[in-house]
Amino acid sequence: MTPHGDPSDQDNPTHDPAPARSEHAPPGHGDHTTTATEMSRPDAGWTLSTTETGDDYAPTFLGNGYFGGRIPAAGTGYATTPIETQAHLAGFFAQDGLIEKYANIPTWSTLAFSDESGTYGRLPQAARAGEEDAPEQGAVSDYRQTLDLRAGLLTTQATWTSPAGRRTDLTYQVLVHRSRHRVAAVQLTFTPHWSGRARVSGVFDGTSARLTERSSKGYDGTAAESYETVTTLGTGITAALASRLGLPAGVAAHVAECETDQVQSVGVRATFDVRAGSTYTVTKYVGVASSQDCEDPLSAARAAAADAAGTGYGGLLAEHEAAWADLWRADIEVLGDPVLQLQVRASMFYLLESTRTGVDWSLSPCGLSGDGYNGHVFWDTETWMYPALLAQHPDIAAGMNTYRQQRLAAAQEYATRTGFAGTRFPWESALHGDEQTPPGFEMGDLEHHITADVALAHWQYYLATGDRDWLAEKAWPVLQGAAEFWVSSAVPHAAGGYGINQVMGPDEYHFPVDNSVYTNVAAAETLRIATRAAKVVGVAADPEWDRVADGLRVPFDEDLGIHPQYDGYDGDTVKQADVVMLQYPWEHPMPAEVARNDLDYYVPRTDPDGPSMTDSIHSIAHAALGTPGSAAYDFMRRSVDPFIRGPFNQFAEQRHGGAFTFTTGQGGFLQVFLYGFSGMRWREDRLRLDPTLPPQLHGLTLRRMLWQGREFDVAIGPEHTTITLTGGLPTTVEVAGATHPLRQGAPLILPTRRRPDPLPTGDLADAPRSV
């Protein structure tokens, strides 16, 4: 796959849920929820829903790129099974022994309901005031949980029967505000079928707040406010959380502080009389802030919560939905397959939840969903998730490059300390940008290709935006340092030219090896990129860069017509896509026959239990080659179906467990549509497309693609593809080697590259197989 890692540090679903068995929410579902603004009518193309929480249930997560949290089946609070519902803040790393690890902030979504005989929604033990310790009490019926991808909203409905036999209809809505980055809200609307005393408790549950210690707490009964700060162990980063309870109008409530001394938890509870058949609404307004982006995080968190409460839930929801609507102007529309449509949209949704414009923390393999792989940053970002965002959200993708730029000094020190020149980026990066690979794993010492992966991402951003000032001021030091690193890595080879020895390529089953094809091709291309960038920014490139690039060995077997993975490779099983990535994303010049030979050779030699991104690459490569039959489609299916988990279309890292939610895999899956079926490749002076459509699909439309200030749509049909410039200056489009002018008001209609009728898809017939 991707990163190595200690399995004990991953979110590993113990239940191995089956592929998504989701229900589409019926029209009108959710309309009765009492909010200040009417909830948008759910759409089957945008909603995922379940009425069961059995073995195939995996809780979803919500985030806005600054902070987030996984929400359990109850729709509120904290749960340990089937997956722990952690809460995270971007960049919130602690020191744990020799490495930095993602620390958890307290669970912010807890808004528990009680009829004083039991509680719905988990409370920390100390906050239960003598109630039973069971996380759930009573019985639940008429349950439904719905994730609205378009609105970024999770709604949970249930009828709860308390231990005393009282029935209450409950509806929870949870959002992490898309435009107010420090704000979340949890709203509970309930209708009791009984009269008496009800209690609602808004708590920050510190049960899962590992690698932190509480540094302060407070309570203001007048404002129904509670707040606390927690500080990471070893690194001293402070996170502040504050909340205010918005109580039902006209209800006399007794507000008190929850007693939560046993864990890092604080909260407020409100008790009031209710009548059977009446409906009541309580809203918890949450503010979260970090000492890494403000001097006084507690004041910032309290102000965010207070401002949110002042706006009210209806206003917040309207702002939130408008922000998501703006993001969804960029969409991937899949015609003829509603299940695939939801898989695609969910994959983009989870990427967007984990990052945002202006937040310069990079993405770990699990995004903001959990602490898998210790929350570290690998090539997963630049190679798998970043390109999926760059095509439609370059303003968001930019932050991932900024993360690397801000740690350039650490990468330079790393190169010097390990005997190289220039800049060497660590295989695993966290807070400071030094090597964070856990002791006992060789990847940190050997996977040098990460420096080339970072360089390619920087060059792609320049090609996508045309921003020369950015290239000169931000990217050039990275590219120059990467080129100097590769020159210092290359050694003269006995047969002539240069080699790079004692490394590990993406295939982590074989190491150390000499002349890894992936590493050498990536190094050579990085050197050529640096030379081209030097010309753009007006500085002299070191002539050694071209000399080494041209001389680096790329092993090739003339008899088999393939690239051996490294010197001495004997055909053993490989972990994941490696040599096959020469075609994409590196665009290594080679005859189509060689690219096809590489695919045919390596697909059956790839571990079927490897990560999903491998088959994404196989699909993109087959689409580029125009392979007869349905190989591109079938490999696309193989990149998603064994890995997606219900009911909310999240990826697992492997077919049988692994990191979860594995946003790396979802990024690779999205690239099949953005770069595979469209054939889009970044060019400095033109749009380059080569559209093709699998015969299993009725059509594919890429909405609001962005390139150098232009906005355009690509509608790929069975016979024709329509390219429409919707914003920006006229430009040139290259399709199948021919160039065409494109301007607003004059869509370009060209033939879609067709393949023969599909082969039987069950076993891929005679096409190469990966499982």
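**Entry 1: H448**

I located H448 in the loop between α7 (443-446) and α8 (449-465); helices here are DSSP runs of H or I with at least four residues, strands are E runs of at least two, and both are numbered from the N terminus. I note that this is a predicted model, in which local features need pLDDT of at least 70 and side-chain atom pairs count only at pLDDT 80 or more, while totals for chains, interfaces and linings use all residues. Residues are numbered from 1 along each chain as its sequence is written, and side-chain values use heavy atoms, with hydrogens and water left out.

**Entry 2: helix α5**

I checked α5 (residues 394-406), whose 13 residues reach 18 Å from the first C-alpha to the last, close to the 18 Å expected (1.5 Å times one less than the number of residues). Because 11 of its 13 residues are buried, α5 is largely enclosed by the rest of the structure. Among the buried residues I list P394, I396, M400, Y403 and R404.

**Entry 3: α13 against α15**

I compared the axes of α13 (residues 613-625) and α15 (residues 663-677), which come within 8 Å and cross at roughly 5°. Axes are lines fitted to C-alpha atoms, for helices over the stretch in contact, with angles from 0 to 180 degrees between N-to-C directions. The crossing makes α13 roughly parallel to α15 (under 35 degrees; over 145 is roughly antiparallel, 65 to 115 roughly perpendicular, the rest oblique).

On the α13 side I recorded M613, S616, S619, I620 and A623, which meet residues of α15 including T664, F669, V672 and F677.

**Entry 4: backbone exceptions**

Most residues other than glycine have a negative phi, and most peptide bonds are trans. I looked up the following exceptions.

A cis peptide bond joins T81 and P82, with omega about -5°; P82 is in the loop between β3 (67-70) and β4 (87-89). The bond from F511 to P512 is also cis, with omega near -20°.

L211, not a glycine, has a positive phi of about 65° and sits in the loop between β13 (196-205) and β14 (212-220). R704 has a phi near 55°; R704 is in strand β27 (residues 699-707) and is buried, with a relative accessible area of 18%.

Key. Buried < 20%, exposed > 50% of the residue type's maximum accessible area, 1.4 Å probe, protein only. Contact = heavy atoms within 4.5 Å.
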